[in-house]
Amino acid sequence: MTDQAGLGFDALVILTLYLLSNIFIGYFAYRSGETWTARDYFLGGKSTGAIVLFFAMLATKFSGNTFFGLPGQAYRVGLIAATLIPFTLAISLGFLSYAPRLYVLSKKYDYLTPSDFYADRFNSRTLRVVTALLFILTAIPYLMIQAAGMGHAFVGFTGGRYSFATGVIYCFTVMLTYVLLSGWRGVVWAEVLQGALLWLAIVVAAIVLVHSEGGLAVVVQQAMAAAPEKIVAPASWETLTRSYFLLALVFGLGGSMYPQIVQSVYAARSERDLRHGLAMMVPNYFIVMLCVVLIGLVGIVCLPDLTTIEADQVLALLLARRAETWYWLTILVFLGAAAAIMSTAAGVLLTLSSMVTHDLYRQFMRPQAREREIAIAGRVFTAVILYVVTVLSLRPMTTLWNLTIIKFEFLMQLYIPLILGLYWVRFSRTAALTGLVVGTGSVATMMLSGWSHIGILDAGICGVLINVVVSVGVSLFSSSSVEEQQRVEEKFFSLFIGKPSSASGYGGRR
């Protein structure tokens, strides 16, 4: 693999110019805001408009996985990877199920982190800690995916001329610079450039690769000849159900619970901006995921002998083979991959830092801390988190796809207390905590024991079912006090029905 032709030093110079542009954007964002307050550093003063929000969503949701993990999965499984299109739409449906109500609450009560809702809705410091730790532990693998993607980009696009560690350390150092400088404002401003770049790169790459092999029909025919098992329909209903319908549920619930996605709800300037930003995302799900599938099919035709891990580099290897002919295209895709990785990594890093700083440091160690101290602590935690993740990422142990599924299976456990807390007044603190702990514990137990599924139900689905049964059961058989139900209805649910209910309605179970 390392004897392939690839990009040389001049590509590194162009990449450096691109990286410097991000630092300049961060500098101007720093000059235009008040980044020494936690509210501005972590959420940009909650004034993000629709266009910037759209690019932030685009750049955050289409990460390094778009250039490496997903084409790699399309290479491994073949045409069934077309299911990635409804999978990403399922993420939007999951997001829409909670975003409008959560937006209203976040403005009313000035939420900063995802755990602010859980702590406020259930009046529980324990739930703040549990949800913050779970968000943090699941976000770290996500950040590792971006680091691994950057390493794969350097190895694949340069034909092994530059090492995995060089790519990770070089780009993450620049990213850390503008994140520390400007926080959320600089991150989302940079994402306008990064989102446009990554979209252009993946679309142009798919078009050129398919055209070079004679068109879509020829690619499918050649893929069928090279690996017919990757072009046929699933062999059984069990396979189709587990690999399609249930996996869409995993994506919908887990993918909508990315902490940086939850925080984008808080950062929106208005509900209208939030809806417009999301609406602009829908057609791009189709376009980008279709490109990913096509790249995987071309890989099956041109590079039939890649191993499971090597498949994550299929796009980079396809372009590196013809780097001399498609030199500028290869550089464009190289920059697009770097943009996708850095935009997502910066968003996740800032969110991780906000949770460590706000949910743990400020709540339990320095409750009297002023805004400037919180902003400084946030920058320190940002640097520490990125250092730890970079070290952990230098030796990839599994495929990017496996890391993606693992984090979704844990994240989807957080969806249950969120959605029930938003729509069911009787859903109690004890039920939320018990369901979350039991559901998450079930997933962890199955994974650690090597028991990845029960029948057609993977660990995450099993955990969610247990989570729902326990949450509903505890709420039905052990209701919260009348005073607690009244607090919840008046503080939260009255905002959506126009007026609070009378206290006389809290006497019995609901």
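This is a short tour of a predicted model, moving from its nonpolar core to one helix residue and then to a pair of helices.

Begin by selecting Leu-15, Phe-67, Tyr-98, Phe-157 and Met-175, which are the residues with the most contacts inside the largest nonpolar core, a set of 175 residues.

Keep Met-175 selected and show what surrounds it: leaving aside its neighbours within four places in sequence, Met-175 is in contact with Met-342, Ala-345, Ala-346, Leu-349 and Leu-386.

Next, go to helix H14, residues 314–321, and pick out Leu-317 within it. Is Leu-317 buried or exposed? Its relative accessibility is 5%, and because buried means under 20%, Leu-317 counts as buried. If you also select His-152, which lies 165 residues from Leu-317 along the chain, you will find that the C-alpha atoms of the two are separated by 9.9 Å.

Finally, display helix H15, residues 327–365, together with helix H16, residues 371–393, whose axes come within 8 Å and cross at roughly 125 degrees. The two helices are therefore oblique to each other, and H15 passes H16 in a right-handed crossing. To see where they meet, select residues including Leu-349, Leu-352, Val-356 and Tyr-361 in H15, and Ile-374, Ala-377, Phe-381 and Leu-386 among those in H16. The residues of this contact divide into 9 nonpolar, 4 polar and 3 charged.

Technical notes
Residues are numbered from 1 along each chain as its sequence is written. This is a predicted model: local features need pLDDT of at least 70, side-chain atom pairs count only at pLDDT 80 or more; totals for chains, interfaces and linings use all residues. Side-chain values use heavy atoms; hydrogens and water are left out. A nonpolar core is a set of buried Ala, Val, Leu, Ile, Met, Phe, Trp, Tyr and Cys residues joined through side-chain atoms within 4.5 Å. Buried means under 20% relative accessible area, exposed over 50%, partly exposed in between (1.4 Å probe, protein chains only). Contact means heavy atoms within 4.5 Å. Helices (H or I, at least four residues) and strands (E, at least two) are DSSP runs, numbered from the N terminus. Axes are lines fitted to C-alpha atoms, for helices over the stretch in contact, and angles run from 0 to 180 degrees between N-to-C directions. Angles under 35 degrees count as roughly parallel, over 145 as roughly antiparallel, 65 to 115 as roughly perpendicular and the rest as oblique. A crossing is left-handed if the near helix is turned anticlockwise from the far one by less than a right angle, and right-handed if clockwise. Ala, Val, Leu, Ile, Met, Phe, Trp, Tyr, Cys and Pro count as nonpolar, Asp, Glu, Lys and Arg as charged, and the others, Gly among them, as polar.
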